[in-house]
Amino acid sequence: MSEQGPRLIQIALSGKNDVITALNYLKEHFSESVNMKRLAEMVGMSVSTFYQNFKILTGMTPLQYQKKLRLCEARKLLMAGSDVTTAAYQVGYESLSQFSREYKRFFGVSPSQDAKRLRNSNLMDVVH
């Protein structure tokens, strides 16, 4: 039903559902460094075919998808009370400055500002 629906149907019907295996792998291993060439081999595709099919299905590259997974998980950790440094390292970032830069680019605010806002909004949800 979403705008990605036709892409998903196209992939499923064309026998390219091996990309789903790669998606699941990335979800389970998002905090690890993933070798995309090995991931492509794991699902039986050349790197270029893998990237092409992955992008058709998700609208992004495997690395962009992994970054999105990491940032969304970091946001959950921040909302749960984790500090920015711990959240960054827990989701696989090795550089706090890179994490902060990518977080701000993705969510529009710095991780510390977002954490404060998220915690305040959760507190307000509990109060009301």
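Student: Leaving aside its neighbours within four places in sequence, with which residues is Ser110 in contact?

Tutor: A contact list of this kind sets aside the residues close by in sequence. In this predicted model, Ser110 is in contact with Tyr103 and Lys104 once the neighbours within four places are left out.

Student: Where in the chain does Ser110 lie?

Tutor: One places a residue by the elements on either side. Ser110 belongs to the loop between helix 7 (96–107) and helix 8 (111–127).

Student: Why does Ser110 count as buried?

Tutor: The term buried rests on a cut-off, namely under 20% relative accessible area. Ser110 has 18% relative accessibility, and therefore counts as buried. For the chain as a whole, buried residues make up 34% of the 128 residues.

Student: How many helices and strands does the chain have?

Tutor: The chain has eight helices and zero strands. Read from the N terminus, its elements run α-α-α-α-α-α-α-α.

Student: Which residues lie nearest the centre of the largest pocket?

Tutor: The largest pocket holds about 260 Å³ of space. Its lining comprises 13 residues, and those nearest the centre are Leu63, Gln66, Arg70, Gly92 and Gln98. Helix 5 (62–79) and helix 7 are the elements that each give two or more residues to this lining; helix 5 gives the most, with four residues.

Student: What is the lining of the largest pocket by class?

Tutor: The lining has five charged, five polar and three nonpolar residues.

Conventions: Residues numbered from 1 in each chain as written. Predicted model: local features only at pLDDT ≥ 70, side-chain atom pairs only at ≥ 80, totals over all residues. Heavy atoms only, no water. Buried < 20%, exposed > 50% of the residue type's maximum accessible area, 1.4 Å probe, protein only. Contact = heavy atoms within 4.5 Å. 1 Å grid on protein atoms, 1.4 Å probe; cavity = no way out; pocket = protein on both sides within 12 Å on 5 of 7 lines; lining within 4 Å. Points joined across faces, edges and corners; volume = space filled by probe spheres on them. Nonpolar A, V, L, I, M, F, W, Y, C, P; charged D, E, K, R; others polar.
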